[in-house]
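I opened my notebook today to look up a few things in a protein model.

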Amino acid sequence: MVLLSLLSFADTSPRVELDKNCSIRILSKTNPITGKITFAGKKKFNFVDGSGESSIDLLIVRQNKELTLRFKSPAEICVPMSLEITLFTQKDKQVPLKSNSKENCKGSMIFNFGGMFGKDNLKKIFKEEGIQAIMFEDVDHNLLRYDLKPQDKQELQQVLACLLNV
């Protein structure tokens, strides 16, 4: 009975309407139990190293007022716990961040903004200036830099703007 009540609440909870521009760039999903809406970019953005041989993908997600950047490499990259990175905006501003991820060799890095993580001011920077590159050291102290493919700059900026306006 409780489950039926929750499901009916999820169906009657207010839906967030996206403008046409955002609806082609982000998707939304409502959790049937909690009623929370999660928004995410419809595609992953690919960043490549200088040689073009190694890459890392970015998926951007927003739930409530919290924005999450999820970087994932298809290749093995070992990163330390609380990895420190520098994000470069499209206007060459350097933004230092600390990962919320555990040490791993999957090349997985998660960064949260807003809510209990208190980095709301950075959301404004990303909304206005986008993201151009990511730079960090792996566990072997190799300095790695990945740049966004030039053809994706405008779309990444639009996805960020949509996610930060919902």
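First, a term I need: a disulfide is a pair of cysteine sulfur atoms within 2.5 Å. I searched the whole structure and found 2 disulfides. I keep in mind that this is a predicted model, where local features need pLDDT of at least 70 and side-chain atom pairs count only at pLDDT 80 or more, while totals for chains, interfaces and linings use all residues. Residues are numbered from 1 along each chain as its sequence is written, and side-chain values use heavy atoms, with hydrogens and water left out.

**Entry 1: Cys-22 and Cys-162**

I looked at this disulfide and noted 2.1 Å between the sulfur atoms of Cys-22 and Cys-162. The pair links distant parts of the chain, 140 residues apart: Cys-22 is in helix 2 (residues 20–23) and Cys-162 is in helix 4 (residues 153–165). My helices (H or I, at least four residues) and strands (E, at least two) are DSSP runs, numbered from the N terminus. The link of Cys-22 and Cys-162 is left-handed, with -90° about the S-S bond.

Are these two cysteines buried or exposed? Both Cys-22 and Cys-162 are buried. I use buried for under 20% relative accessible area, exposed for over 50%, and partly exposed for in between (1.4 Å probe, protein chains only).

**Entry 2: Cys-78 and Cys-105**

Here I found Cys-78 joined to Cys-105, S to S 2.0 Å. Cys-78 sits in the loop between strand 5 (66–72) and strand 6 (84–88), and Cys-105 in the loop between strand 7 (94–98) and strand 8 (108–113), so this pair ties together parts 27 residues apart in sequence. The torsion about the S-S bond of Cys-78 and Cys-105 is about 110°, so I wrote down "right-handed". Cys-78 counts as buried because its relative accessibility is 16%, whereas Cys-105, at 39%, counts as partly exposed.

Counting bonded cysteines along the chain, I get the disulfide pattern 1-4, 2-3.

**Entry 3: the nonpolar core**

A nonpolar core is a set of buried Ala, Val, Leu, Ile, Met, Phe, Trp, Tyr and Cys residues joined through side-chain atoms within 4.5 Å. How many residues does the largest one have? I read off 37, and among those with the most contacts inside this core are Phe-47, Met-109 and Phe-136. Helix 4 gives the most to this core, with 6 residues. In soluble globular proteins, nonpolar side chains tend to be buried together.
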